[in-house]
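Subject: The structure, and what turned up in it

Hi,

Here is the structure I promised to pass on. Have a look at it first, and then read on for my notes.

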Amino acid sequence: MSNQVTRLFDFAYHQLSNKPIEKSLNYKKENIWHSISSEKYIYLANKVSASLLSLGVKPKDKIAVITENNNPNWHILDIGVLQIGAQNIPLYATLSEKDYGYILNHSDAKFCFVSNNEIYQKVKSVAAKTQLKNIYSLEELESNYSWNYFLKLGEKENFQSKIEQLKTNVKPDDLATIIYTSGTTGTPKGVMLSHKNIITAVFATKTSLQEIKKDNIRVLSYLPICHIFERASSYYNQYRSAEIYFAESLEKIGDNIREVKPHYLAVVPRLLEKIFDKIVDKGSNLKGIKKWLFFWALALGEKFEPYHKNGAWYHFKLRIANKLIFSKWRAALGNHLEYMVSGSAPLQPKLIRIFTAANIPIFEGYGMTEAAPTGSVNDMRNGNFKIGTVGKPLQGVTIKIANDGEILMKGDNIMLGYYKQIVLTKKTIVNGFLHTGDIGEIDNDGFLKITDRKKEIFKTSGGKYIAPAALESEFKQSRFIEQIMVIGEAEKMPAALIQINFDFVKEWAKRHHHAIIDVTSDEKLINRVQKEIDFYNKRFGKWEQIKKFQITPDEWTIDHGHLTPTMKMRRKIILKKYQNLYQKIYISQ
């Protein structure tokens, strides 16, 4: 841990003292990029602190913040809250009013900041059932709850000496934030993370990732900032004085990547899968020799092995593929990407091979909110890169495998506990080891491999264990399948609910002069998807092969509750939504 950075707000001050930049935080407004310098960042954070103090906020008070898209004011508020000893409670914008009410009440939040009027109205509707004293907007509006109105509250008195004193009083082991897990099941849990937890994770990751040696590093922030993966990344980027650009939205991510030309991206598997699918769709529309070359390069990439294990002839062909095909991929991603780091969920090894072959290495890592969020990561240096694993444990993190296969983790990055849930905390952290709920193994070279979620492994009625994640990862390689959820707990056989790739299926139907009225019952489509199922089934034992499936009528989205904000499946909700399809599979067996 750096001597200069022991509390989270120290990251911004470190940037100002060591390498101040004019484009610290960058956002787009009316189609023009605007910048906030390191100096202005700190100036505005102090204004936030002053306004909070004028409202009577004290150390240990909880301040909630909800934003739809990442923006500078979230970070300015974060520093302003933390440096006076208060605590940041970030919430996902996609939560229901009921969830807002639960979290705001459970966390004891005193004030709440929101990014738009729609969220403001939702919070206002539940505010009476919470301890909230007021709600403010992160937007500059003409109202008495706007960001500009809030910043003026602290101007009536000079609070700077008090701010400096409160900063001194904040200790590394103090609680900094409570992050409520979006959860794929059950009620959200409040993960308590100290300044030290997150800073430990940031510097351990810094040691394990090769340094980008550029004077002006640009990064694009687009994953939900309330998720610890993006938040920890943002602190790391502030530490190294990277220019942080906030994406306008997920829909505009491709445009923003081409504009910003980032040197590094933090990614989640679902987003990478979508990027890859778009690239392959474009390749499919090519003609003649261009199309042949595209799929030749793709097939070559799928065989990639690190450290020149494939030999000289393979790498000779790969140089040609890079010049003719993969160079266009790099251009589409801004032409400056040195690497991507993937977390949050398992990533298909095929994608790691192809992108790394294309000179855009993907380093898959592992962690969870309770570990702030680190545990292990791949690194190209010193033989520490192995496809199909999530890398070796980070510096200062101990990982071991329990007798039942569960991954256990220990280190200064492990959470303080769950807020107001002492019993659950004691069940989750035993003898200093975090019980992750993930199943895995450590190979002879020290690499960690995740095989499934402990809670998601199920038994069929015949007593056979099924690990859904392994199956789902394979089947999602099909261009016909965008999402798949393996089901069959206590049933005779494993089966699946499938969301097709609507864009690809539309093109497929057009090529075959076939009109699809209903994707759930179209015989030609069902037979074609069955071929995909049969192909990937061959990779598994007979007891775990998918015997039946049903196609769902709609796309699985964050807004409709199928997916968490980091695009992981909410299994219980998906099962509930498609109970009729479940019955179709098993009632007629």
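Let me begin with a pair of helices. Helix H8 (residues 195-208) packs on helix H9 (residues 228-239) at an angle of about 70 degrees, and their axes are 10 Å apart. Anything from 65 to 115 degrees counts as roughly perpendicular, so that is the label for H8 and H9. Their crossing is right-handed. If you want to pick out the side chains, H8 brings Ile198, Val202, Phe203 and Lys206, while H9 brings Ile228, Ala232, Tyr235, Tyr236 and Tyr239. By class, that makes 8 nonpolar residues, no polar ones and 1 charged.

Before you go further, please keep in mind that this is a predicted model.

Ser241 sits in the loop between H9 and strand S10 (243-246). Its phi is positive, about 55 degrees, although Ser241 is not a glycine. Is Ser241 buried or exposed? Its relative accessible area is 4%, and the cut-off for buried is under 20%, so Ser241 is buried.

His308 has 57% relative accessibility, and exposed means over 50%, so His308 counts as exposed.

One more backbone point: the peptide bond joining Ala372 and Pro373 is cis, with omega at about -10 degrees. You will find Pro373 in the loop between strand S13 (362-366) and strand S14 (376-377).

H2 and H3 pack at about 55 degrees, and 8 Å separates their axes. That angle makes H2 and H3 oblique to each other, which is why I would not call them perpendicular. H2 passes H3 in a right-handed crossing. On the H2 side the contact is made by Tyr41, Leu44, Ala45, Val48, Ser49 and Leu52, and on the H3 side by His75, Ile76, Leu77, Ile79, Gly80 and Val81. Sorted by class, there are 9 nonpolar and 3 polar residues, with no charged ones.

Helix H11 (residues 269-284) and helix H14 (residues 349-357) have axes that come within 11 Å and cross at roughly 60 degrees. H11 and H14 are therefore oblique to each other. H11 passes H14 in a left-handed crossing. Leu272, Glu273, Ile275, Phe276 and Ile279 of H11 make the contact with Lys350, Leu351, Ile354 and Phe355 of H14. The class count is 7 nonpolar, no polar and 2 charged residues.

Thr130 is in the loop between helix H5 (117-126) and strand S6 (134-137). With a relative accessible area of 13%, Thr130 falls under the 20% cut-off and is therefore buried. The Thr130 side chain reaches the backbone oxygen of Ala127 at 2.7 Å. Setting aside neighbours within four places in sequence, Thr130 is in contact with Gly101, Leu104 and Asn105.

The other is Ile574, in helix H19 (residues 571-577). Ile574 has 0% relative accessibility, so it counts as buried. Which residues does Ile574 contact, leaving aside its neighbours within four places in sequence? They are Met485, Leu497, Trp556, His562 and Met569. As for Lys29, it is 545 residues from Ile574 in sequence, and the two are 37 Å apart in space, C-alpha to C-alpha.

Cheers

Technical notes:
Residues are numbered from 1 along each chain as its sequence is written. This is a predicted model: local features need pLDDT of at least 70, side-chain atom pairs count only at pLDDT 80 or more; totals for chains, interfaces and linings use all residues. Side-chain values use heavy atoms; hydrogens and water are left out. Helices (H or I, at least four residues) and strands (E, at least two) are DSSP runs, numbered from the N terminus. Buried means under 20% relative accessible area, exposed over 50%, partly exposed in between (1.4 Å probe, protein chains only). A polar contact is a pair of N or O atoms within 3.5 Å; within protein, one must be able to donate a hydrogen and the other to accept it, and residues adjacent in sequence count only if both atoms are side-chain atoms. Contact means heavy atoms within 4.5 Å. Axes are lines fitted to C-alpha atoms, for helices over the stretch in contact, and angles run from 0 to 180 degrees between N-to-C directions. Angles under 35 degrees count as roughly parallel, over 145 as roughly antiparallel, 65 to 115 as roughly perpendicular and the rest as oblique. A crossing is left-handed if the near helix is turned anticlockwise from the far one by less than a right angle, and right-handed if clockwise. Ala, Val, Leu, Ile, Met, Phe, Trp, Tyr, Cys and Pro count as nonpolar, Asp, Glu, Lys and Arg as charged, and the others, Gly among them, as polar.
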